[in-house]
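Open the model in your viewer and keep the selection panel at hand. The stops below follow one another through the fold.

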Amino acid sequence: MDASSHPRFAVGESMIPYTLLGLRILSERYGVPEIATLSSYKDCNKEIGTSFGQKRHFGFLRHTEGNEPNPREGTQFSTPGILNRSGHLYRQDTDAYLFNAAVRYGCATRLGFRVEDVEIADDGVAVICSDGTEIRGRYLVDASGFRSPLAEKLDLRENPCRFSHHSRSLFTHMIDVKSTDEVLRHTKAERPPLPWSSGTMHHLFDRGWFWAIPFNNTPGSKNPLVSVGLTMDPRLYPKTGLSPEEEFREFASRFPAVERQFSSAKAVRPWVSTDRLQYSSKHSVGDRWCLMSHAAGFLDPLFSRGISNTVEVINALSWRLLDALRTNEFSAENFAYVSKLEQGLLDYNDKLVNSAFIAFDHYDLWSAVFRIWSFGSVVGGFRLQRALSQFRRTGDVDVLKKLEDVPNVGLWWPDHDQYGKLFDSMVDLCQRFEKQEISSAVAADELYRQLENADYIPKGPGFEDRNVTFLRPTPAKLARMATWLAREAPPDIKDMIGGVAIEMAKTGLRGRRLF
């Protein structure tokens, strides 16, 4: 049931390899092939329509007010080749596609159904519409978002929100947005290996960032739109009383290249202006109910974790709910891991995004945070791919259940102790810098020292090298990494990365890039 109907506007358009693998696991674990369609730009283009952009990288470029951006202060992370055929999702099309699939599978739908009240009892649940219509069931999953009727009914919101990070946002879809590449005054030698416009673009400034997510960056797309937004810390940038578009353009005018990019752009949807984006809940599961993902809490669109977190929660909830429907056991205890996962995903994302915002105005520190995030997300993706390959080979669902048995629930590489310590060190050093206990240079140097000394980080791609700004390894660097895997890599990393490469070769994917 839903208060609105399809098609409709939604944000959450930028995908990451971790999300794609989670979608494939969901699809194969539960026998819903339509879910896997979203894990491939080509499949979206073929099965849904020609409204999708292609995502070949995460791009970040630092800006300072009144100045052209320094080309040496750009970072680009090209997503792993064998794991990723990613797209920019045009959500009104993907959401309608999945909705229609749900109807085909037998889902009873209620659109335009505005929930007035919910009831939770020992023997069942009920949802009451504003017109008095009542729907009863055995379990309630609330996936409604910030204005969750269940969160309101049970007084689940934390006030104040527990997260350290603060941001608000302005966003819309626009036409006639110039590409980042055409507005930058950088020489060919100063540009990254992939065009900025071939991925998700982040323009960083002190405690904030602009995004440009193009749906029109590939010949296969007939969609002229670009998703555009501005996210910033409201403690530094409180609302001004301007309209959302006026405020966006005033901010853009502070940064010459950003102003040029949006100078001719026109909004095709009403602008959205939010208050603080962050919200959290005391609990996310109870007897016969669950707050699903964005109903439980939200952090920030930076690093594109929204859909990824949702996919993880669906995976963890679904098999437990199917078991409960068979046994008629719906106690909160049986769903405790789902709550632990949801809270962990939010808390780790809070630590990451807060660290990034602290570091935005200090390039060396930001570059270190960028590397710790990107490397962990790559190996986290390899971890999921290895489990999926084993599941495909054996059909043993316990392979997937073992993914939950980890010490750092919610971190994208949750079962590696040394990476967990590196992540914690990043958070601590950024906080110490924010408190003016240390300089940004001291914090950055210490993180680079730890990156350089980490024996589990492959040599070659450049994750540990502060002089490598664009993480898109050449064949020579990949050869160096292969030598490192064979001669120096710890056994668990050799098994993780090398094992995935072997599995992919067995399935006929020879020749594709590891990174």
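Contact here means heavy atoms within 4.5 Å. This is a predicted model, in which local features need pLDDT of at least 70 and side-chain atom pairs count only at pLDDT 80 or more, while totals for chains, interfaces and linings use all residues. Residues are numbered from 1 along each chain as its sequence is written, and side-chain values use heavy atoms, with hydrogens and water left out.

**Stop 1: W366 and the cores**

Select W366. Neighbours within four places in sequence aside, W366 is in contact with F60, T75, L204, F303, A356, A359 and F360. The next selection is a nonpolar core, that is, a set of buried Ala, Val, Leu, Ile, Met, Phe, Trp, Tyr and Cys residues joined through side-chain atoms within 4.5 Å. Buried means under 20% relative accessible area, exposed over 50%, and partly exposed in between, with a 1.4 Å probe and protein chains only. The largest such core has 76 residues, and W366 and Y419 touch the most other members. Helix 11 (residues 363-394) is its biggest contributor, giving 16 residues. Helices (H or I, at least four residues) and strands (E, at least two) are DSSP runs, numbered from the N terminus. A second, separate core holds 25 residues, among them M174, A252, F255 and F470.

**Stop 2: helix 11 against helix 14**

Axes are lines fitted to C-alpha atoms, for helices over the stretch in contact, and angles run from 0 to 180 degrees between N-to-C directions. Angles under 35 degrees count as roughly parallel, over 145 as roughly antiparallel, 65 to 115 as roughly perpendicular, and the rest as oblique. To show the contact, select D364, L365, S367, A368, R371 and I372 in helix 11, which meet S440, A443, A444, L447, Y448 and L451 in helix 14. By class, this contact has eight nonpolar, two polar and two charged residues. Ala, Val, Leu, Ile, Met, Phe, Trp, Tyr, Cys and Pro count as nonpolar, Asp, Glu, Lys and Arg as charged, and the others, Gly among them, as polar.

**Stop 3**

Move to M426 in helix 13 (residues 417-434). Is M426 buried or exposed? M426 is buried, at a relative accessible area of 0%. Apart from neighbours within four places in sequence, M426 is in contact with L352, S355, V369, I372 and L447. On the helix 10 side, select Y348, K351, L352, S355 and I358; they meet F423, M426, V427, C430, Q431, F433 and E434 in helix 13.

**Stop 3: helix 1 and helix 9**

Select helix 1 (residues 17-30) and helix 9 (residues 306-327), whose axes come within 8 Å and cross at roughly 20°. Helix 1 and helix 9 are therefore roughly parallel to each other, and their crossing is left-handed.

**Stop 4: T474**

Finish at T474, in the loop between strand 17 (470-471) and helix 15 (475-487). T474 is partly exposed, at 37% relative accessibility. From T474 to G460, the C-alpha to C-alpha distance is 8.8 Å.

Technical notes:
Left-handed = near helix turned anticlockwise from the far one by under 90°.
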